[in-house]
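The sequence and the coordinates are shown first, and the comments follow.

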Amino acid sequence: MTAKPTSSSRTEEVFEELRADLLGGLMEPGQRLKLTVLSSRFGVSQSVVREALTRLAEQGLAVSSPQRGFSVRPLSVADLSDLTRVRVQIESLALRQSFELGDLAWETQVLATHHTLQRTPVTRPDGSVHDAWSTAHREFHRALLAGCGSPHLENIATSLRDGAELYRRWSWMLTDDHLRDLAAEHRLLKDLALDRDADRGVEALAEHIERSTRDLIAYATEHGLDSDSPDPVGTGPVARHGRPREEPGSPSSA
């Protein structure tokens, strides 16, 4: 007899599918996530859906309020600006310390994660972002900061980066920066790490983080997507506006 799926396994399945929908741009910023609708869609109890949505809220992909329940994280220019400013401050501190304190094992990890990132295709044939590339991208940036000698500082930086993931996906799908060369930006960060050039490394990292923010804010302002504006415009699924770009120099775009 085949064992029935446990509540925890069903929660994991619902969580993963909803997370993929959110990061794939299939839900618009601020969209309500109704327990009854999702419960019917997945054929599970509302408690399972609620637990999955709570996990998404913990990752900054959804928000919860007593009056409205759960909804997709809104596209807030004020929140994005503040998050970016704090990320630059924290990651710059961690990066500078990594350049000063990182040992040979740290250099090796930076090289290894950069090689993986460089060799991983950014997008699938349908234009959606490869989960493998997102993982490689996350691991490379974590490696850059891993030599800082402070687990607490690393955890704060990682938490802020994870909190920016949905904004990062929206930036890829909505904006169209033809002049940007992500592969070159990552290569520069890797080279500066090996050279221990802290001043240039901090400058390059700040520009790397801030460029996506500038592009997304410009798009949100132009198209009335800012949830903080008096009359934000609803636009439907984010994915309608564009598709992620290949990283120049990656195998998929060669």
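1. Contact here means heavy atoms within 4.5 Å. The model is a predicted one, and by that criterion L35, T36, L38 and S39 in helix α2 meet Q46, V49, R50 and L53 in helix α3. The residues of this contact divide into 4 nonpolar, 3 polar and 1 charged.

2. Two packed helices are described by the angle between their axes and the distance between the axes. For α2, which spans residues 35-42, and α3, which spans residues 46-58, the axes come within 9 Å and cross at roughly 110 degrees. Angles of 65 to 115 degrees count as roughly perpendicular, and α2 and α3 are therefore described as roughly perpendicular to each other.

3. As to the overall layout, the protein chain has 10 helices and 2 strands, and their order along the sequence follows the pattern α-α-α-β-β-α-α-α-α-α-α-α. Of the contacts between residues at least 6 apart in sequence, 75% join residues at least 24 apart.

4. On burial and surface, 45% of the 254 residues in the protein chain are buried. The chain exposes about 12,800 Å², and carbon and sulfur atoms supply 53% of that area.

5. The strands deserve a separate comment. Strand β1, residues 62-65, and strand β2, residues 69-72, run antiparallel and are joined by 4 bridges, and the two form a hairpin with 3 residues between them. Within this pairing, V63 stands opposite S71 in β2.

6. A last point concerns backbone geometry. Most residues other than glycine have a negative phi. R196, although it is not a glycine, has a positive phi of about 60 degrees, and a reader checking the backbone may wish to look at this residue. R196 is found in the loop between α9, residues 182-195, and α10, residues 198-223.

Technical notes. Residues numbered from 1 in each chain as written. Predicted model: local features only at pLDDT ≥ 70, side-chain atom pairs only at ≥ 80, totals over all residues. Heavy atoms only, no water. Pairing = 2+ DSSP bridges. Axes fitted to C-alpha atoms, helices over the stretch in contact; angles between N-to-C directions. Parallel < 35°, antiparallel > 145°, perpendicular 65-115°, else oblique. Nonpolar A, V, L, I, M, F, W, Y, C, P; charged D, E, K, R; others polar. Buried < 20%, exposed > 50% of the residue type's maximum accessible area, 1.4 Å probe, protein only. Areas by Shrake-Rupley, 256 points an atom, 1.4 Å probe, with all protein chains shown as cover.
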